[in-house]
Amino acid sequence: MRRRWLATITMAAVLGLTACGGGGGPAAPSGQASGAGGDAKKQVEVFSWWTGPGEADGLKAMKEIFEKQNSGFSFFDAAVAGGSGDKAKALLQSKLQADTPPDTFQGHAGAELQGYIKAGDLEDLTFLYDELKLKDVFPAQLVEQISYQGKIYSVPVNIHRSNILWFNPSVLKEAGVAGAPKTIEEFVAALEKVKAKGKIPLSIGSEWTVTHLMESVLLGSLGTDGYNALFKPGANWASPEVTKALENFKTILSYAGDPQDDWQPAAAQVAEGKAAFNIMGDWAYGYFHNPPDGGLGKKSKTDFDWAPAPGTGGTYLWLSDSFTLPKGAKNRDGAIAWLKVAASKEGQDAFNPKKGSIPARKDADASLYTDYLGDALKDWSADKLAGSIQHGVAVNQPWLAAVNEAVGLFIGSKDVAALQKGLVDAAAANAQ
Ligand code: GAL
């Protein structure tokens, strides 16, 4: 296998974020009985950011298995709204600092998780890996991303792909665009054609979705080796190649429609035929495809279609959601019971087809992964790998916060030199 996992796990990140206040997650304490009487169940507080359409479906599927298998526990959904966890992670940080952790929380494999580990927030889960023989079922390189000094600190539930170009086939046809653009140049030409027809060329959501777009443009412009080199010692964020990539980013962003509240309304503009393109992770597939209630119930290849983001064909810009056991969890047994479901084949095969991701386990039932997810499984085993910036693989949280700040300023200023300086400074202050 041609796995090329990033060696970006170099940073001790004592996280510097403060609580956002208005995170919106339910604030009930964990570990408490949910009702009076002897048969009261002990709650397990599961902290994530999967509240929105599409996202919540997978969590619900895993919750049902958890409650069926654990009659003594009830699932307490402590999810905090906001795609990519921008609000959830800030609130989580304040809970960790106050020593009131949830019983288990979602963390991205890679640099983000290493931050929690090195800050001493997490229990070592090697005992669970030994008991369930989990080292045999997860890819060794993924286990490496969640390990530190030989100990393993989380249970990965999935693999997501960040670099997907979602598009509306009818809007493309109407604009005379023959198919999904394969290169940045073709992409810009296609955006121009859509603009001429009066549709939104590229839909965009809240600020983090702009960083999300930027990582695909960096990969598409620099190539896999050039992109991966940005996170290795001696990386040169000041290079003329990065300048060119950021100029591409500026050009592409100039075709964006009005910013939507989050990734879902931006993605919906494509599925509803208002916009031609959206670059978003494959959680958008769950949202497009799942039946109404959780999803949009749209028809694949008719209402929406997909391709690798321009210039990134053959590379899987990956990320992985994992669950942890925080030190001081009030309901430690309940959290372990949750982790066992998250680690199981049954749990992963219930969760992932709805979430729009492929399983982290190597032995999942491939027949459940069809349509977009069939492509994803195939590409995952054949493609080169690069780690997501926005979703915790390549950079730790302080580094990401600095990147987001630079991108946030760029949205207003459109000043490529200032953006590049912001990225150079972010790397200099946070890379190790
Ligand atoms: C990512 C997360 C995905 C999905 C996405 C949008 O950070 O890993 O599971 O939730 O954010 O919210």
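The model is predicted, with local features requiring pLDDT of at least 70 and side-chain atom pairs counted only at pLDDT 80 or more, whereas totals for chains, interfaces and linings use all residues. Residues are numbered from 1 along each chain as its sequence is written, and side-chain values rest on heavy atoms, without hydrogens and water.

The axes of H12 (residues 332-343) and H13 (residues 345-355) cross at roughly 70° and come within 5 Å; helices are DSSP runs of H or I with at least four residues, numbered from the N terminus, and axes are lines fitted to C-alpha atoms over the stretch in contact, with angles running from 0 to 180 degrees between N-to-C directions. Val-341, Ala-342 and Ala-343 of H12 meet Lys-345, Gly-347 and Gln-348 of H13 (contact: heavy atoms within 4.5 Å).

Helix H9 (residues 240-253) packs on helix H16 (residues 416-430) at an angle of about 125°, the axes lying 10 Å apart. H9 is therefore oblique to H16. On the H9 side, the contact involves Val-242, Thr-243, Leu-246, Glu-247, Phe-249 and Lys-250, and on the H16 side Val-416, Leu-419, Gln-420 and Leu-423.

The structure contains 2 cavities of 30 Å³ or more, a cavity being a set of points on a 1 Å grid over the protein atoms alone where a 1.4 Å probe fits but cannot get out. The largest cavity holds about 90 Å³ of space, volume being the space filled by probe spheres set on the points. Its lining comprises 15 residues, with Trp-49, Glu-55, Trp-283, Lys-355 and His-391 nearest the centre; lining residues have an atom within 4 Å of a point.

Key. Helix = DSSP H or I, 4+ residues; strand = E, 2+ residues; numbered from the N terminus. Parallel < 35°, antiparallel > 145°, perpendicular 65-115°, else oblique. 1 Å grid on protein atoms, 1.4 Å probe; cavity = no way out; pocket = protein on both sides within 12 Å on 5 of 7 lines; lining within 4 Å.
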